[in-house]
Amino acid sequence: MLFVTAIAGVVGTGVGGLVGALLQKDSNRTASLLLSFAGGVMLSVVCFDLIVEAIETNVGVPTVCMAIALGVVVIYVLNYLIDRRTNPELPHIDENHPKTADDLNELIHSDHFEHHQSRNDNKFALFIAGVVMACAIALHNVPEGMTIGASYASNDGVMGSAALTLAVLIGLHNIPEGMAVSVPLISGGMTKWKAVLMTALSGVPTMVGALLGYLLGEIGAFGLALSLGFASGAMLYVVFGEILPQAFLMYHSKRPAFFAILGILVGMFIIFG
């Protein structure tokens, strides 16, 4: 399970980081379309796989709904706390700024890290900024790993086709997210090889999520429903509260909508094909 999760998380984001490094420039149009596509893929995973599997545990639809709501609330609150801590320190974020990220560096809070770095702040301040950036990335990757772990637990500890399909979809989703990590790091002055390495390492929380999802799923039907529901809610918030709004703010066009739909169709094809 951990090996497959590592491929989906670490290798997926690493490949995205490499693609971002090879592009050599911050293309808001390209990033917007890829993020929209990734959001569509995750919507397929949530709506056509995770929620269905959670309902099939027979713990009751209200329980599944509460687990989904819990995932939404927890990730929203954690994101709110991170934003509240970092936004006042950034001069470009004021009352006129959108309430969500409108650039790649804001999605992972690398702008916060770069701000401290540009002021030659002490190592402790840079360390805290790095921790904030790592936490922002983990909020995306931990729920993804939970889906693989929970699916593994639901199949009696066997890496079945459902878990492998999830791993493929999450790996596909992580490629544009890897770009979202590496591009602003390189733009901020980090060397390409170091940015790619850091991007790959940002996928490690996916493995933590897989362990958490598996342990919850092993509790029984209720634990499995809780794990799948929580991960679904967390990813729904990430898609609708962060990825898609940011994609539309980065590229004012109808095309992100079409790429999101394309992502949904690709996800459906892989799940049901």
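Of the 273 residues in the chain, 52% count as buried, where buried means under 20% relative accessible area, exposed means over 50%, and partly exposed lies in between (1.4 Å probe, protein chains only). The model is predicted: local features need pLDDT of at least 70, side-chain atom pairs count only at pLDDT 80 or more, and totals for chains, interfaces and linings use all residues. Residues are numbered from 1 along each chain as its sequence is written, and side-chain values use heavy atoms, with hydrogens and water left out.

**Overall fold**

- The chain has eleven helices and zero strands.
- Helices (H or I, at least four residues) and strands (E, at least two) are DSSP runs, numbered from the N terminus.
- Read from the N terminus, the order of elements is α-α-α-α-α-α-α-α-α-α-α.
- The radius of gyration is 18 Å, close to the 19 Å that the globule rule gives for 273 residues, so the chain is as compact as a globular protein of that length.
- That radius is taken over C-alpha atoms, and the globule rule is 2.2 Å times the number of residues to the power 0.38.
- The C-alpha trace spans about 55 × 35 × 35 Å along its principal axes.

**Contacts, surface and charge**

- Among contacts in the chain with a separation of 6 or more, 83% join residues 24 or more positions apart.
- Contact means heavy atoms within 4.5 Å.
- The accessible surface of the chain comes to about 12400 Å², and 70% of that belongs to carbon and sulfur atoms.
- Accessible areas come from the Shrake-Rupley method with a 1.4 Å probe; for residues, only the protein chains shown count as cover.
- The chain carries 11 positive and 19 negative charges, and their mean positions are 11 Å apart.
- Lys and Arg count as positive, Asp and Glu as negative; His and the chain ends are not counted.
- Each charge is placed at NZ of Lys, CZ of Arg, CG of Asp or CD of Glu.

**Aromatic pairs**

- The structure holds three aromatic pairs.
- Rings of Phe, Tyr and Trp (its six-membered ring) pair if their centres lie within 6.5 Å; planes under 30 degrees apart count as stacked, over 60 as edge-to-face and the rest as tilted.
- One of the pairs is Phe48 with Phe272. This pair is edge-to-face, at 6.1 Å centre to centre with 65 degrees between the planes.
- Phe48 lies in helix H2 (residues 28-55) and Phe272 in helix H11 (residues 255-272), so the pair ties together parts that are 224 residues apart in sequence.
- Phe48 is partly exposed at 30% relative accessibility, while Phe272 is exposed at 56%.
- Tyr76 and Tyr80 form a stacked pair, 6.3 Å centre to centre with 25 degrees between the planes.
- Tyr76 and Tyr80 are four residues apart in helix H3 (residues 61-86), so about one helical turn separates them.
- Tyr76 is partly exposed, with a relative accessible area of 42%. Tyr80 is partly exposed, with a relative accessible area of 42%.
- Ring pairs link Tyr76, Tyr80 and Tyr237 into a cluster.

- Asn141 sits in helix H6 (residues 123-154) and is buried at 1% relative accessibility.
- Beyond its neighbours within four places in sequence, Asn141 contacts Asn174, Glu177, Ser202, Gly203, Pro205 and Thr206.
- His112 belongs to helix H5 (residues 110-118) and is buried at 0% relative accessibility.
- Not counting residues up to four places away in sequence, His112 touches Arg85, Thr86, Glu89, Leu90, Ala129 and Val132.

**Loops and distances**

- Gly188 is in the loop between helix H7 (161-187) and helix H8 (192-201). Gly188 is partly exposed, at 35% relative accessible area.
- Leaving out residues up to four places away in sequence, Gly188 touches Glu114 and Gln117.
- Gly188 and Asn105 are 83 residues apart along the chain, with their C-alpha atoms separated by 9.2 Å.
- Val74, in helix H3, is partly exposed at 28% relative accessibility.
- Val74 and Ala200 are 126 residues apart along the chain, and 25 Å separates their C-alpha atoms.
- Asn58 lies in the loop between H2 and H3 and is exposed, with a relative accessible area of 69%.
- Asn58 has a positive phi of about 65 degrees although it is not a glycine.
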